[in-house]
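Let's look at this model together, one question at a time. Have the viewer open as you read.

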Amino acid sequence: MFDEPGEQVFVRNATNPLKKVMMCSPRFYKFNGINVITAEWMRKGDEERNDVMVAEWQMLVDAYEANGIEVVQVQPRPEFEVMTFARDYGCMVKEGAVIGRFRHPVRQVETVAYEEKLKEMGVPIVARVNAGCMEGGDFWMIDDHTLAFGQVDRTDQAGVDNLRDQLQKFGYTVVGVPCPPDNLHLDMIFNIVAPQVALACIDQLPYNFLQMLKRRNFELIPVASEDMYKHGCNVQCIGDGKVVAIQKNKHINDKMRALGLDVIDVPLDQILHAGGGPHCLTQPIYRP
């Protein structure tokens, strides 16, 4: 059922230099009201405008490649209507890939395409959610041995418990992080941008999680809860003090710059209406 992990380290943590990522174009993306952001845009009469979404997505790809990151593209398919957020099929740890389970049936069909690409790249699958749900937007490597899974709207207790059982053999401690469901995924309200530095909608995060971060000497950059709807926390750390962020969230980007981080602005807008930002669109594959 699972591949044997080898000596290679795939993703060591959330902040080492990013070498390879997996992404999928929104060419065939169709709006679906399975998150509060898209549901609100649909209520206003907004439509996909796939050509605009693809152009914005390509700017994100270009930003990665300009910084020496290899981008492996999964071929979009018309039958996978909401497939562009490559983060969510699962996650990566040092030993290889963890395959999650989407909560919504409209997304469950995506997993096969991502698994095919992982196999093509020779990435071993070392765990698979077979009870409950887990989506990759809820996953964070807090440190080399602590894995946090948000329990927001898409990942549930059964999924967290299931992965705790499977990942303990690798020496990982698995922590569940319950948050209000309108936040969708943990990466919408918490994002590690540098070693022991994170963006955080503090009011949306549970006390025990905040205390755990404090014990690990994290510095939290406060983000207003209402900025969740603007993807304020949804950035992608690429290592070496660099963060890829959404250009129009200037007030948040300036806070990161004030700490000495190099923020690479990408002018995303229409693609955000689908309910995700740079972090959602990106699955790290190689970050040793």
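Q: How many aromatic pairs does the count come to?

A: This is a predicted model, where local features need pLDDT of at least 70, side-chain atom pairs count only at pLDDT 80 or more, and totals for chains, interfaces and linings use all residues. Residues are numbered from 1 along each chain as its sequence is written, and side-chain values use heavy atoms, leaving out hydrogens and water. Rings of Phe, Tyr and Trp (its six-membered ring) pair if their centres lie within 6.5 Å; planes under 30 degrees apart are stacked, over 60 edge-to-face, and the rest tilted. By this rule, the number of aromatic pairs is 5.

Q: Where in the chain does Tyr 114 lie, the partner of Tyr 89?

A: Tyr 89 and Tyr 114 are stacked, with 4.8 Å centre to centre and 20 degrees between the planes. Helices (H or I, at least four residues) and strands (E, at least two) are DSSP runs, numbered from the N terminus. Tyr 89 sits in the loop between β2 (70-74) and β3 (90-93), 25 residues from its partner, and Tyr 114 belongs to helix α4 (residues 111-121).

Q: Are Trp 140 and Phe 190 buried or exposed?

A: These two rings pair edge-to-face, 5.9 Å centre to centre with 85 degrees between the planes. Trp 140 is in strand β6 (residues 139-143) and Phe 190 in strand β9 (residues 190-194), so the pair ties together parts 50 residues apart in sequence. Taking under 20% relative accessible area as buried, over 50% as exposed and in between as partly exposed (1.4 Å probe, protein chains only), Trp 140 and Phe 190 are both buried.
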